[in-house]
Amino acid sequence: MQTALEKAYKFFKEKSWDAAHSQLLAISDKQNDSHPEVLAKLSVTQRHLGLFSDAKKTLKKALLLYPHNTQILIEFAAFENTQNNWRKAVEYWKA
């Protein structure tokens with residue numbers, strides 16, 4: 001039997017963004033301080049679903065909890081890139 005996290009990662013790998021988003025959101029809601037990888041993947045699903053304000057909120061939370069986590073910084077750069085905020089994206093890439 002798959003855990004919720006295993007299901008979420010399976011959906012993520014398959015690019016089933018709605019299903020991955022639901023699973024990752026449920027995991028994130030259960031844990032006050034989610035693992036940085038969960039938060040990064042959650043923001044990716046939000047970005048792919050066009051939930052840009054949610055993605056930014058998720059990334060801000062992640063950055064507060066894990067300010068030096070490479071995966072979070074890379075995802076924040078990717079987010080800013082999709083928003084055409086090139087300077088901000090470069091700042092995150094350099095961090």
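**Exercise 1.** State where N84 is placed, and give its phi.

*Solution.* Step 1: N84 is placed in the loop between α5 and α6 (86-94), where helices are DSSP runs of H or I with at least four residues, numbered from the N terminus. Step 2: the phi of N84 is near 65°, a positive value in a residue other than glycine. The model is predicted, so local features need pLDDT of at least 70 and side-chain atom pairs count only at pLDDT 80 or more, while totals for chains, interfaces and linings use all residues. Residues are numbered from 1 along each chain as its sequence is written, and side-chain values use heavy atoms, without hydrogens and water.

**Exercise 2.** Locate K15, give its phi and decide whether K15 is buried or exposed.

*Solution.* Step 1: K15 belongs to the loop between α1 and α2. Step 2: its phi is near 60°, which is positive although K15 is not glycine. Step 3: K15 has a relative accessible area of 59% and is therefore exposed (over 50%; buried means under 20%, partly exposed in between, with a 1.4 Å probe and protein chains only).

**Exercise 3.** Describe the span and the covering of helix α3.

*Solution.* Step 1: α3 (residues 36-48) has 13 residues and reaches 18 Å from first to last C-alpha, close to the expected 18 Å (1.5 Å times one less than the number of residues). Step 2: eleven of the 13 residues are buried, among them P36, L39 and R47. Step 3: the elements covering these buried residues include α1 (4-13), α2 (17-30), α4 (52-65) and α5 (70-82). Step 4: just after α3, G50 has a positive phi of about 80°.

Terms used: Helix = DSSP H or I, 4+ residues; strand = E, 2+ residues; numbered from the N terminus. Contact = heavy atoms within 4.5 Å.
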